[in-house]
Amino acid sequence: MSFKSILTHFDIDAQPDHRFTFAINLAERCDAELACISAAQPLFVIEPSVGPTSGTKIMREELEAVDTRQRELHERIMRHAPFRNHVSWQTKVADPATFVVENARTADLIVLFDVEKGQARDYRRTVNIPDVLLSVGRPVLLPSASRAPLEAQTIVIAWKDAKESRRAIVDAMPLLILAQDVVVLSIEESHPIDEQALSDVVRFLTRHSVPARSIIEPRQTGDVGMKIIEAADRLGADLIVAGAYSHSRFREWVFGGVTRTLLDNNAINRLLSN
């Protein structure tokens, strides 16, 4: 079991070098093909006072600007991969999230990056990651802000007995079987932890030759998602595996939740699955 096809998106306004280095290192480690894509929509806003001829000119200039930037991205990426025939490139003038979802049908894993400092969170120019998570039907890997190569020697699984967590474990299996230490982490909330269920998960992983163990963290005040991140840091892990949106996205937006915390904190690599 392994990832044989990895898909990653390059935001049109972000620097590509560290992103490509992270993605190609992961692809080479997995002996996988790397599909690089980039989508963006023009930024033009035509005022009512602008005539049809001027409006057409503005739209053409904006489209040309998108095309020029995508060509520049391609050239920079190919400097790092001049002889790698397993690296592909595809662009489109389109909504970035929609383009990712469309191309995910041939991918085992999606790699998406958080917006960088100085980069606008404009979803015409960058991927709306929550939208992708809910629609793509594939695991999504969110690299840490450092863009350091993913070692994944110690992995923390944020366990909750829900569909999303079960799917995340199966989706992450190619990395779990390569790890040296996999910790199934459960944090006490309003109800006691089902220790039998936790033991079942460890046994399931062990059957797949994953070196798994479990930890139960007592609930204290504060955000559960932050407790997961703190535990991963304490254990020396560089990857958290978790199910995404076991509550509705609206509830997470209003009240907060583990998924929202993991999306907002990029100090560590996160593999999320819905």
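**A tour of the sheet and its aromatic pairs**

Start by selecting helix α3 (residues 96-103), which lies across β1, β2, β3 and β4 and runs at about 150 degrees to β2. Contact here means heavy atoms within 4.5 Å; axes are lines fitted to C-alpha atoms, for helices over the stretch in contact, with angles from 0 to 180 degrees between N-to-C directions. Helices (H or I, at least four residues) and strands (E, at least two) are DSSP runs numbered from the N terminus.

This is a predicted model, in which local features need pLDDT of at least 70 and side-chain atom pairs pLDDT 80 or more, while totals for chains, interfaces and linings use all residues. Residues are numbered from 1 along each chain as its sequence is written, and side-chain values use heavy atoms, without hydrogens and water.

Next, show the open sheet of 10 strands, ordered β3-β2-β1-β4-β5-β10-β9-β6-β7-β8 with mixed pairing. Two strands pair if DSSP finds at least two bridges between them. Its edge strands are β3 and β8 (212-217).

Select β2 (residues 33-40): seven bridges join this strand to β3, in parallel. L34 has V87 in β3 as its bridge partner.

Now search for aromatic pairs (Phe, Tyr or Trp, using the six-membered ring of Trp, with ring centres within 6.5 Å; stacked under 30 degrees between planes, edge-to-face over 60, the rest tilted). The whole structure has two. F10 and W89 are tilted, because their centres are 6.0 Å apart and their planes at 50 degrees. F22 and F113 are edge-to-face, at 6.1 Å and 85 degrees.
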